[in-house]
Amino acid sequence: MAILVLPRTLDAAVEKLPDIGPTNAKRLEKLGISTIRDLLLALPFGWQSYGEPTPIASLEEGSPATVVGIVKTINPKQSLRRRIKLTEATIVDDSGSSLRLVWFNMPFVAKQLHKGDRIAVAGAVKLSRYSGLNMQNPHYERLDGVEDMQPARVGGMMPKYHLVDGLSSRRIARWVESALPLAGQLEDLLPVEVRERHHLLDVGDAVRRGHKPDNDEEYREARRRMAFAELFELQAAFALMRANIALEPATPIRYRQEVIEGFKAGLGFELTTAQRKAVWDAYRDMEGTVPMNRLLNGDVGSGKTAVAAACVAMAHASGLQSVVMAPTEILARQHLRRFRAYLEDSFPGLTVELLVSSQSAPERRRVRASAASGHCALVVGTHALIEDEVGFVNLGLAVVDEQHRFGTRQRELLRAKGLGRPHFLAMTATPIPRTLALALYGEMTLSTMDQMPPGRTPVETEVIDPDNRARAYDLVRKEVAAGRQAFVICPLIDESETLAARSATAEFERLQKDVFTDLKLGLIHGRLKDKEQVMQSFVAGEIQVLVATAVVEVGVDVPNATVMMIEGADRFGLAQLHQFRGRVGRGAAQAWCLLLADDPSEAALNRLSLLTRLGDGFKLAEEDMRMRGMGELMGPRQHGMSDVAMASLQQPELLSEVRQEAERILESDPGFENHPLLKAATARRLELTSIS
Ligand code: ADP
Ligand code: MG
């Protein structure tokens, strides 16, 4: 008998478990699993029941089944066209019927199973014209040597874990099994009283039952408990933040009718209903001494800048200065033009200045002096704003655009420039469903802008078969000939910007040499020093086709760009694709978003087709969240939340229960002194959100 030496701590690397080598550890890391604790806490996202073994002759297409048979053939193969490794096999059962099996990207299967082996497989039964009855990526188990020749691990109820290439749910289940004896050591962050009030399992039981439930009910209970705890930790951190914010008063900004009238008169357009609502929300907040802490969650192009400008106007009327911080210089410059256009005519004394690091030293000195003397009412800028030398006389309002690009620390530094605590308005162009926003940004109140200004032509979105890539290039050429511009986005590679930069460079060279020989191409990626300069030349029209990695995501306006061509579209998340699409269609002309995917899975194709049908970012985000909840998300994670917790948000009442509990605990124990685990966890959360 093998002696199993278990590592003693939950914090040990997963590699310390038997049978996990460095390769598997790397694969698990892609799923966010590095320690044994992580492995235990990552519950399966679902279960599949495969039932008792069935004769092949009575299999039904489309339903999951378990089959026992003898391996007749098994061959590893390399698919040339699709560049993937296949393992093909045939099994024959006692009745003499045969079933074909195929595994994708799991070459180890051919080493583990051999001709003549008696095996059990479990999977969905498919019927195809060429290969008859078959199963793809079935679970499998060798039965030779198994006492009663009955499958022990395959068939019946089987967990479904999130996977990356090279992993199978069954292997993960085996590793989890070897780690489960340590489940008793997991610390429970949920106070006993909360657990009792909501009939929640303790963490050890939840982990054991979540990975190996006896029935559906047990699994659901386990998930509910894990989701509750995760949301509770977040909400407790938010409750703490809200309490801290309320400690430091802001200067109230009195509402003045004539200011908003004047503001509206100076705009070249009517505010949309969503914009008006957001403005009123903010005005109401700013009238109080508890500082406003509001998140403007709006779709790309919904007109958030105008809402911020309305707030600046009101602050100015109360004699208070404002600041607007954006993540890039191009955005800051775009804001400068917009805020001036929106404000300077109606409010002649309202001076708007720019502060960015590329300005000359004397220019920056001049702007700083203007801010410090109280002469200028609004300074728009980048990170340069949070430098020590920048000061204000009476900063009453701080606005941060694309807030997810900044960390809490940077936002705090900006706030610290205020008189007391300034009112705070954060803007994000990543639409998120309301419940998710409340769960993720619970320290803020929320205004949702799910309406577009009138007169936009919807972007035509199409999934293009890679064999028809030439058609996409033709469209680019045609548009450029008509004086327009285009983006070509390169695939995301393992979330590494270095690799992405290399592949974008290669694609840029290829396009220039072989495809768009006569066009002016530009290249932009995260490793480039002069990103801003490249963007500027694109804005100026000197570059006709911009080859880019995901760095172009942030809200730059190039109204002349009409084609967004995305390579490897299946590798991006829906939200990110929607962001890319938002970069075009900003002018009146028809614009296109072309999605190319080399070898998309069925789930990926479904997601892409959603994009062709839905133009509304909020609807897309809801779909994304729903699919993720069902474990179908592909592409990178957008938010720091597990799928189990995300799925639980489908029942909105859970979140409000969690919130109440977090507030109740904080009230009875300010600072969580009597709840050390919670205290440590919330501190970690707060710190985590401050690193960016
Ligand atoms: P966001 O930052 O929310 O993506 P912007 O504030 O950049 O959107 O606005 C996008 C464009 O729409 C800008 O050119 C802006 O001037 C214009 N715009 C904003 N609100 C309206 C409106 N109510 N009617 C018409 N155009 C508007
Ligand atoms: Mg914007």
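Helices (H or I, at least four residues) and strands (E, at least two) are DSSP runs, numbered from the N terminus. The model on display is predicted: local features need pLDDT of at least 70 and side-chain atom pairs pLDDT 80 or more, whereas totals for chains, interfaces and linings use all residues. Residues are numbered from 1 along each chain as its sequence is written, and side-chain values use heavy atoms, with hydrogens and water left out.

**Domains**

Begin by colouring the chain by domain, with bounds that come from an automatic or database domain assignment. The selections are domain 1 (1–45 + 165–186), domain 2 (46–160), domain 3 (257–287 + 302–428) and domain 4 (460–614). Between the C-alpha centres of domain 2 and domain 3 the distance is 62 Å.

**The second largest pocket**

A pocket is an open set of points on a 1 Å grid over the protein atoms alone, with protein on both sides within 12 Å along at least five of seven lines; lining residues have an atom within 4 Å of a point. Grid points are joined across faces, edges and corners, and a volume is the space filled by probe spheres set on the points.

H11 supplies the largest share, five residues. Because domain 3 and domain 4 both contribute lining residues, the second largest pocket lies between them.

Colour the lining by class: nonpolar (Ala, Val, Leu, Ile, Met, Phe, Trp, Tyr, Cys and Pro), charged (Asp, Glu, Lys and Arg) and polar (the others, Gly among them). The lining of this pocket has 11 nonpolar, 11 polar and nine charged residues.

**The second largest cavity**

Now select Leu-355, Arg-364, Arg-368, Ala-384, Glu-387 and Val-390, which line the second largest cavity. A cavity is a set of grid points where a 1.4 Å probe fits but cannot get out. This one has a volume of about 30 Å³, and its lining comprises three nonpolar, no polar and three charged residues.

Finally, select Cys-311 and Cys-376. The whole structure contains zero disulfides, a disulfide being a pair of cysteine sulfur atoms within 2.5 Å. For Cys-311, the nearest cysteine sulfur is that of Cys-376, 18 Å away. Buried means under 20% relative accessible area (1.4 Å probe, protein chains only). Cys-311 is buried at 0%, and Cys-376 is buried at 1%.

Conventions
Chains lettered and ligands numbered in written order. Buried < 20%, exposed > 50% of the residue type's maximum accessible area, 1.4 Å probe, protein only.
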